[in-house]
Amino acid sequence: MATNENLPPNVIKQLAKELKNLDESPPEGIKVGVNDDDFSIIYADIEGPAGTPYENGVFRMKLLLSRDFPHSPPKGYFLTKIFHPNIATNGEICVNTLKKDWNPSLGLRHILIVVRCLLIEPFPESALNEQAGKMLLENYEEYAKHARLYTGIHAKSKPKFKTGAISESTTALNVDQTNSSALNADQKITAPGAAMPVISASPSPLAPITVTRGNGQDQPAVVAPVETGVSGCAAPAAATTTTLRKEGGLAKAQADKKKIDARKKSLKRL
């Protein structure tokens with residue numbers, strides 16, 4: 001479940017909308033996933049564009065969002081090894097959209113599309129991988145050969161992100177925020193030190209229930225008789241009434257017998 005402690009609530013809300021939109025209507029060749037523990041890490045699988053040395057490859061990347069996003073751009077990294085002038089050996093992505101051309105109004109969709117376009121048209125003039133940049137300017141065929149080799153070795157198909165995972169995560173996030181708000185409201189309403197009524201667990205169906213109030217006094221609670229036909233549970237109220245009647249009739253018969261015996265003794269004396 002997402003905690004998202006690294007992002008303010010208003011940014012989380014906007015991200016949830018964007019991620020859901022990306023999941024329901026993904027850009028061509030791009031599939032987005034989320035980190036269930038932290039929405040500040042966005043994952044994406046990018047398919048190598050046709051007609052490039054990256055064709056038939058699937059490249060996984062991530063965007064790291066800082067707490068002041070979107071006022072500052074995210075940092076982009078390729079997790080899949082790739083031979084590209086604008087991607088460093090540690091995976092860092094160099095593109096103007098994530099640097100000097102950044103605008104807070106740019107969304108995740110725009111960023112991901114720009115990164116995929118970088119695979120179509122590299123910029124060797126601002127190379128992070130100097131070998132790839134120099135090779136691209138001097139001998140494109142040699143550059144393409146290296147790029148295809150990396151693609152064949154490292155950019156094999158990745159396990160696909162679960163369909164609907166983003167929608168589930170954003171829904172869970174909204175539920176978590178709602179529950180947190182309700183909890184905070186309850187804490188404000190409940191006075192400090194006030195004790196809630198406590199009822200003993202699993203009381204006997206016929207035994208009186210005692211409720212402990214906040215003042216520490218015990219007060220009996222009235223409970224209606226429980227009727228059940230299950231063996232070992234409380235006897236029906238009707239059966240209890242019948243038993244009482246039988247016991248009353250027996251006592252009366254014994255009293256009458258005593259009276260008759262006393263009369264017989266009196267007659268004998270006469």
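**Close-up views of a predicted model**

**View 1. Arginine 116 in its helix.** Arginine 116 has its place in helix H2, which covers residues 108-120, and the model in which it is seen here is a predicted one. Although arginine 116 is buried, it has no salt bridge, and the nearest side chain of opposite charge, that of glutamate 28, is 4.9 Å away. A salt bridge is counted when a side-chain nitrogen of Lys or Arg is within 4 Å of a carboxyl oxygen of Asp or Glu. When neighbours within four places in sequence are left aside, the residues in contact with arginine 116 are Glu28, Gly29, Ile30, Ile46, Glu47, Gly48 and Pro49.

**View 2. Helix H2 and what it packs against.** Helix H2 is built from 13 residues and reaches 19 Å from its first C-alpha to its last, which is close to the 18 Å expected at 1.5 Å a residue. The buried residues in H2 are Leu108, Ile111, Leu112, Val114, Val115, Arg116, Leu118 and Leu119.

**View 3. The salt bridge of arginine 60 and aspartate 45.** Side chains of opposite charge can pair when their charged atoms come close. In this view the side chains of arginine 60 and aspartate 45 meet in a salt bridge, with 2.6 Å from N to O. Because arginine 60 lies in strand E3 and aspartate 45 in strand E2, the pair ties together parts that are 15 residues apart in sequence. Both arginine 60 and aspartate 45 are buried.

**View 4. The salt bridge of lysine 31 and aspartate 23.** The count of salt bridges comes to two, and one of them is formed where the side chains of lysine 31 and aspartate 23 meet, at 3.3 Å from N to O. Lysine 31 counts as partly exposed because its relative accessibility is 25%, whereas aspartate 23 is buried, with a relative accessible area of 13%.

View 5. Glutamate 130 and isoleucine 87 are 43 residues apart in sequence, while their C-alpha atoms are 9.8 Å apart in space. Leucine 137 and glutamate 125 are 12 residues apart along the chain, and a distance of 9.0 Å separates their C-alpha atoms.

**View 6. A nonpolar patch on the surface.** Leu149, Tyr150 and Ile153 form a nonpolar patch on the surface, and together they have about 280 Å² of accessible area. Isoleucine 153, one of these residues, has its place in helix H4, which covers residues 140-154.

**View 7. The protein chain as the setting for the close-ups.** Of its 270 residues, 34% are buried. Among contacts between residues at least 6 apart in sequence, 56% join residues at least 24 apart. The accessible surface of the chain comes to about 17,500 Å², and 55% of this surface belongs to carbon and sulfur atoms.

Key
Residues numbered from 1 in each chain as written. Predicted model: local features only at pLDDT ≥ 70, side-chain atom pairs only at ≥ 80, totals over all residues. Heavy atoms only, no water. Helix = DSSP H or I, 4+ residues; strand = E, 2+ residues; numbered from the N terminus. Buried < 20%, exposed > 50% of the residue type's maximum accessible area, 1.4 Å probe, protein only. Lys, Arg positive; Asp, Glu negative; His and termini not counted. Contact = heavy atoms within 4.5 Å. Patch = residues over 30% accessible without salt bridge, like charges linked within 9 Å, V, L, I, M, F, W, Y side chains within 5 Å. Areas by Shrake-Rupley, 256 points an atom, 1.4 Å probe, with all protein chains shown as cover. Expected span 1.5 Å × (residues − 1).
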